[in-house]
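Subject: Structure handover

Hello,

Here is the structure for you to look at. My notes on what turned up follow below it.

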Amino acid sequence: MNKLILLFAFVLTFGIAGAQSRFLTKDAKINFNSSTPLEDIIAESNQATTFIDIEKNEIAFSVLTTSFKFRRALMEEHFNENYMESAKFPKAKFTGKIVTPIDWKSEKMVVAEIKGQLTMHGATKDMTIKAQITPGKNKIIATSELKVTPEDFKIAIPSAVRDKIAKEVTIKIEAAYAPYQQ
Amino acid sequence: MAKLKTFRIILWIFLIGLVVGLSAVYYVFNKPRRNVSKETAAFTLDAKQLISDFKIDEAAATKKYLDQAIMVKGEIKSVRTLDNHSMVFSLEDEMEGVSCTVDSADVVSNSSKLSQLVKGSAGTFKGRCSGMLMDIQVINCVPE
């Protein structure tokens, strides 16, 4: 009987310690495209940090706005100084809950719905985004594409250049998570 | 005859003005990217100091260091190469330390220096501070 309790305790301790619930990457890729026929506007950052908690089914994603790289230095300057006001609001982040059930033990790609809040430029908006999530024991891959409207985040675009910037900005995300030990 | 001469002069002034104006617009539009490696660092400090500044008051530290050219020194805890061939050196702590990113073009031009910067050695990088997520990020870095 004692042995059984011991065995049970052993399984419990190591079972829990062995199960990794948080996955992390600090090198997630994020790019956005707000091109119009008048102007190509594409920017990319490889320095987004993101977590997935597979027990709570939660996801968090954040990126520093000054880490975006544009084709032209001038665009980068306008983006940081006039539109995102990076000195005042250096981060953009999304936190949400994965509402589609996912079997984290399988290795099958799932198109999941994530309900959460996107915060940038000091404004927060409720959003439901779709992501392709491929679970794995030592790696989780997630990709997503979402559209945002600058005006929803109080980003004022002068009317003189309004036609050069897309009404809806397409954001693409690619992340490969690894187990995170604290 | 005199009228024609004045007209010619005005035309020339106008043409020169146009060329100067257009080249100014062209220059501003295509202005070169900021090259932090050629700037003098606004702050030279230990990675540990930078980490403690951000831990004590993130907002104040962000205000102080954001977009500044900084030179930071610390023990290298991890070295990673990303898909786009840029390299990330984490100083003092792999997760919550200072991450210095060297762009792929600078990886090529500094390859001999970078090859000596292995895990456990001391590294000094100059770059542009872009703020803190989990770690403090310094981008467009070059090794010193």
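Six salt bridges are found across the interface of chain A and chain B. Please keep in mind that this is a predicted model. One of the bridges joins Lys31(B) to Glu77(A). Their closest N and O atoms are 2.4 Å apart. Polar contacts between chain A and chain B come to 14 residue pairs, with both residues at pLDDT 80 or more.

Which elements of chain A touch chain B? At least two residues each come from β1, β2 (42-53), β3 (58-64), β4 and α2 (73-83) of chain A.

Now the extent of the interface. In chain A, 27 residues are in contact with 29 residues of chain B. About 2300 Å² is buried between the two chains. Carbon and sulfur atoms give 53% of that area. Three residues stand out on the chain A side: Lys26(A), Gln47(A) and Thr66(A). They supply 25% of the area that chain A buries against chain B, more than any other three residues.

Thr66(A) comes up again with Arg128(B), as the two are in contact. Arg128(B) sits in strand β5 (residues 122-132) of chain B. Is Arg128(B) buried or exposed? Its relative accessibility is 9%, so Arg128(B) counts as buried; the cut-off is under 20%. The side chain of Arg128(B) makes a polar contact of 3.2 Å with the side chain of Asn140(B). Leaving aside neighbours within four places in sequence, Arg128(B) also touches Glu76(A) in the other chain. Its contacts within chain B include Arg34(B), Val36(B), Asp67(B) and Gln68(B). Gln137(B), Val138(B) and Ile139(B) are also among them.

Next, the aromatic rings. Over all chains, the structure holds nine aromatic pairs. In one of them, Phe32(A) and Phe70(A) have ring centres 5.8 Å apart. Their planes are at 75°, so this pair is edge-to-face. The pair links distant parts of the chain, 38 residues apart. Phe32(A) is in strand β1 (residues 22-33) of chain A, and Phe70(A) is in strand β4 (residues 69-70) of chain A. Phe32(A) is buried, at 11% relative accessibility. Phe70(A) is buried too, at 5%.

Chain B has an edge-to-face pair as well: Phe43(B) with Tyr65(B). Centre to centre, these rings are 4.9 Å apart, with 70° between the planes. Here again distant parts of the chain are linked, 22 residues apart. Phe43(B) belongs to strand β1 (residues 43-46) of chain B, and Tyr65(B) to helix α3 (residues 58-65) of chain B. Phe43(B) is partly exposed, with a relative accessible area of 24%. Tyr65(B) is buried, at 1% relative accessibility.

Back in chain A, ring pairs join Phe32(A), Phe68(A), Phe70(A) and Phe79(A) into a cluster. Arg22(A) lies over the face of another ring, Phe51(A), at 4.2 Å from the ring centre.

Val88(B) is in strand β3 (residues 87-91) of chain B. It counts as buried, at 3% relative accessibility. Val88(B) and Cys100(B) are twelve residues apart in sequence, yet 5.5 Å apart in space, C-alpha to C-alpha. Leaving aside neighbours within four places in sequence, Val88(B) contacts Ser99(B), Cys100(B) and Thr101(B), among others. Ser78(B), Val79(B), Arg80(B) and Leu82(B) are also in contact with Val88(B).

Best wishes

Notes: Residues numbered from 1 in each chain as written. Chains lettered and ligands numbered in written order. Heavy atoms only, no water. Phe/Tyr/Trp six-rings, centres within 6.5 Å; stacked < 30°, edge-to-face > 60°. Helix = DSSP H or I, 4+ residues; strand = E, 2+ residues; numbered from the N terminus. Buried < 20%, exposed > 50% of the residue type's maximum accessible area, 1.4 Å probe, protein only. Lys NZ or Arg CZ within 6 Å of the ring centre and 35° of its normal. Contact = heavy atoms within 4.5 Å. Buried area = accessible area lost by both parts, 1.4 Å probe. Salt bridge = Lys/Arg side-chain N within 4 Å of Asp/Glu carboxyl O. Polar contact = N/O pair within 3.5 Å; in protein donor to acceptor, adjacent residues only side chain to side chain.
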